[in-house]
Amino acid sequence: MTNPFLPPRLWPPARPRSKMPLYDRGLSRSSTVPELEQLTIEELVEEFDFLGEWEDQCEYLIELGRELPDLPAADKVEANLVPGCQARVWLVAAVNVAHGRPTVDIRAKSDAMIVDGLVVVLLTLFNGKTPEEILAADPEAVFARLGLESHLVPQRRNGLHAMVRRVRDIARSALPASAERPAAKVPSLSVSESTRPAGRTDRLNVQAVRKDFPALQQEVASGVPVVYLDSASSAQKPRAVIDKEREVYEEYYANAYRGVYRFGDRVSRELELSREKVQKFIGAERIEEVVFTSGTTMSINLVAQAWGRKFLKAGDEILLSAIEHHANIVPWQFIAQATGAVLKFIPMAADGQLEVGQLDTLVTPRTKMVAVTGMSNVLGTVPPVAEITRRAKKVGALVLVDGAQSVPHMPVQVAKEGIDFLAFSGHKLYGPTGVGVLYGRRDLLEAMDPFLCGGHMISEVTQQGFKVAELPAKFEAGTPPIAQAIALGTAIDYVTGLGLCAIHTHEQTL
């Protein structure tokens, strides 16, 4: 019997299958195979093991989420929201006694595609089961088997467990009054560990990684190696990054975008290759949306000046949070004084989290910009950016994320997540100092005036005036941080090679 609340499988079961990325296998984002049987936990685990890499598994989850049926508007009410989720998740259930024994029918939907994929996993585990079966199941073992416990960022993982708690509460309330609670969990997975691809690991080889960093080869005393604990301020550099920056200076250094001779052409091509790596790393739709700056502070100031001075007016509101770095406070204070705009702050609760419950009163039709950190440099707090972004979009406000701390630790997909501006620095991402990135949506960057003026940001200049160059040159006046920006691309290669998921797992272990 098919389950109307679960999507059909998206992947043909025929073997052998080539281990290719999703799109190379000829499947579009909307591909489905309706004639296949409904997804089971065993099939789900088999697919995860076959895909092997978290990036492919994540794409698979997103595809599953796209097929999840929407809920009617009447079900998307506050009472059905699951507390503790970064995204908004509505979950409703009904007890079905049509087949002689009570089963729990669950419907759920979120406002984030990957969370919808997690909802599919949850429904595969619990939907149509008896209350006793739900309470006896061991979903945590399944999540661990799928790698969700190690791969998901803390907010997503906490949200997944919050959904489990909600389903278990529903199952308990559906038990007959005389029923006993199950005393022990039973295995809900029959796939053996031997199906995991050989060589796959979710953990870093710490000693091998240490050897990549020259600074860590020193000793503080005889036999006592250096342990560096200040990466949140500025990270050490792996040998590959140091070598890349040296390569630029030793082999082909020249001013970029100025000459067509051998060195000039090479350095310009290397810079654009690095820009392309940044684009893919943060999920920008267009390469021209990536602007090289001197760092996060410069990037935020660029937006405050180039966007704020042009578009803010007296009475407009800028919403920050109480846990911002001063680099994401002072530029907005400065521009508010210049334009008459009003600063407001999301307060911090006693546990260091933001009081997002106050967004309903803080976000108003006057809100024009919401600038929030992706991760606090002091507390480690990770604000619910998805929820904040959703509220901001409701009133047409823009969202800037200070990613100085979050980008080195957490995957970000700016286009999919609706982020308008993202700022981050190279030196916290194991790259050189003196280089940073501003991502901005193309239409916004095109509407903004230049921040600095001079060489490279103009396409034509006469005594009577000038014409602004196309993006991203419009915001890259003067000589860029050439060697540093090129080596930033190498730093991104290095982090991507280790895997943000493996890095995250090691951090959680620590």
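This is a predicted model: local features need pLDDT of at least 70, side-chain atom pairs count only at pLDDT 80 or more; totals for chains, interfaces and linings use all residues.
Me: How is the span of helix H3 to be judged against its number of residues?

Reply: The expected span of a helix is 1.5 Å times one less than its number of residues. Helix H3 covers residues 113-126, and its 14 residues should span 20 Å. Its end C-alpha atoms are 20 Å apart, which agrees.

Me: How many of the residues of H3 are buried?

Reply: A residue counts as buried when its relative accessible area is under 20%. In H3, 13 of the 14 residues are buried, so the helix is largely enclosed by the rest of the structure.

Me: At what angle do H2 and H3 pack?

Reply: Angles of 65 to 115 degrees count as roughly perpendicular. Helix H2, residues 54-66, packs with H3 at about 80°, and the two axes are 7 Å apart; H2 and H3 are therefore roughly perpendicular to each other. On the H2 side, the contact includes Cys58, Leu61 and Ile62, while Met113, Ile114 and Val120 are among the residues of H3 that take part. By class, this contact has 9 nonpolar, 2 polar and 2 charged residues.

Me: Where does glycine 259 lie, and is it buried or partly exposed?

Reply: Glycine 259 lies in the loop between helix H9 (239-252) and helix H10 (262-282). Its relative accessibility is 21%, so glycine 259 counts as partly exposed. Leaving aside residues up to four places away in sequence, glycine 259 touches Gly264 and Asp265.

Note on methods
Residues are numbered from 1 along each chain as its sequence is written. Side-chain values use heavy atoms; hydrogens and water are left out. Helices (H or I, at least four residues) and strands (E, at least two) are DSSP runs, numbered from the N terminus. Buried means under 20% relative accessible area, exposed over 50%, partly exposed in between (1.4 Å probe, protein chains only). Contact means heavy atoms within 4.5 Å. Axes are lines fitted to C-alpha atoms, for helices over the stretch in contact, and angles run from 0 to 180 degrees between N-to-C directions. Angles under 35 degrees count as roughly parallel, over 145 as roughly antiparallel, 65 to 115 as roughly perpendicular and the rest as oblique. Ala, Val, Leu, Ile, Met, Phe, Trp, Tyr, Cys and Pro count as nonpolar, Asp, Glu, Lys and Arg as charged, and the others, Gly among them, as polar.
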